[in-house]
Amino acid sequence: MMAVAGLLTLGLGLFGCAGNDASTDQAAEPEATPNETTAEPEAEPAGDPVELQVFAANSLTKAMAEAQELYSQQNPNVKFADTQYEASGTLNEMLGAGQYADILITASKGTMDTAVEEGYVKEDTRQTMFNNDLVIVTKDGGELVGQDITLEDIAAGKYTLAVGDENVPAGNYACQSLTTVGGYIEPDGATGKDATGKGGEFSETLKPKVTLGGKVGDVCKYAETGEVDIAMVYTSDVYRMGGVAICSVVPNDTHKAITYPGAVCADSNNAEAAQAFLEWCMTDEDCAQIWEKWGFELAQD
């Protein structure tokens, strides 16, 4: 039996050599056993968990929520606390009262100037993020839809009007525009882009026609419900709030440029992560579609 086994072994060895032209010096590759598994490359670490607290202007509510969701999908280690959406002046008041935030995004250059002056943000992280337009809106489906309403019409008292109060940048821009037609009078007589839209008074003709709102969303609602004939809000508010239609765009040369500056807060414990998020907001292609969807235009360098 042993001899037979030896012959079988020899025969198999000779058969194997005859069927292989490769050099006998090459070592055969070891076969994997059924229980062996190929080691997977380790995934890159996502980084330490971070939770960012954002203070943002009211008009960014829906757009920012979508942007944050997308960012967390792309960066699973980064989450967002309950983002605070308020009038830009109110956001500064909150920071001044000691409330914590990593990022501040306001709806006007002036409110960010104040944040810098008061030391609420790091000035070297400040950048202009978005542009917007000021529009005159009325109730969607109402009798004023399709009418080209002018600043002169408003100053003449033809319509009841809602605008933001002095804490609301959209209200400041509206008042700046109304100075050019005598509907709003600044203490120093400044008009248009030289005006602040604060500290003055509506004309005697317009004053009884005006309703003030503490948030630009409230101002839009006044028009939507028919409480007033028209309102002056941002283009983005038409997308965000719905229920209103644009009658006309307020000429850009009647008010300061509508910009949204963003910056990392001075007391941020997550300054690097906060700066990374701001940069992503300005450069990510998918995020750019979110801003456009909600009526914002990315600022150009």
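This is a predicted model: local features need pLDDT of at least 70, side-chain atom pairs count only at pLDDT 80 or more; totals for chains, interfaces and linings use all residues.
In β12, which residue is the bridge partner of Thr138? The legends below treat this question and the surroundings of the strand.

View 1. Residues are numbered from 1 along each chain as its sequence is written, and side-chain values use heavy atoms, with hydrogens and water left out. The strands follow the order β11-β8-β12-β7-β13, with mixed pairing. Strands are DSSP runs of E with at least two residues, helices are runs of H or I with at least four, and both are numbered from the N terminus. Two strands pair if DSSP finds at least two bridges between them. The edge strands, β11 (210-213) and β13 (244-249), each pair on one side only. From one strand to the next, the twist averages 35°.

**View 2. Strand β12 and its partners.** The bridge partner of Thr138 in β12 is Ile230. β7 and β12 run antiparallel and are joined by five bridges. Strand β8 (residues 161-164) pairs with strand β12 (residues 230-234) in the parallel sense, over two bridges. Here Leu161 stands opposite Ile230, and Ala162 has Ala231 as its bridge partner. Five of the five residues of β12 are buried, where buried means under 20% relative accessible area, exposed over 50% and partly exposed in between, with a 1.4 Å probe and protein chains only.

**View 3. Helices on the sheet.** α6 lies across β7 (134-139), β8 and β12, and runs at about 115° to β12. Helix α7 (residues 216-224) packs on the sheet and touches β7, β8, β11, β12 and β13. The direction of α7 makes about 145° with that of β12. Contact means heavy atoms within 4.5 Å; axes are lines fitted to C-alpha atoms, for helices over the stretch in contact, and angles run from 0 to 180 degrees between N-to-C directions.

**View 4. The lining of the largest pocket.** A pocket is an open set of points on a 1 Å grid over the protein atoms alone, where a 1.4 Å probe fits, with protein on both sides within 12 Å along at least five of seven lines; lining residues have an atom within 4 Å of a point. Of the 15 residues that line the largest pocket, those closest to its centre are Ser108, Lys109, Gly110, Tyr173 and Lys256.
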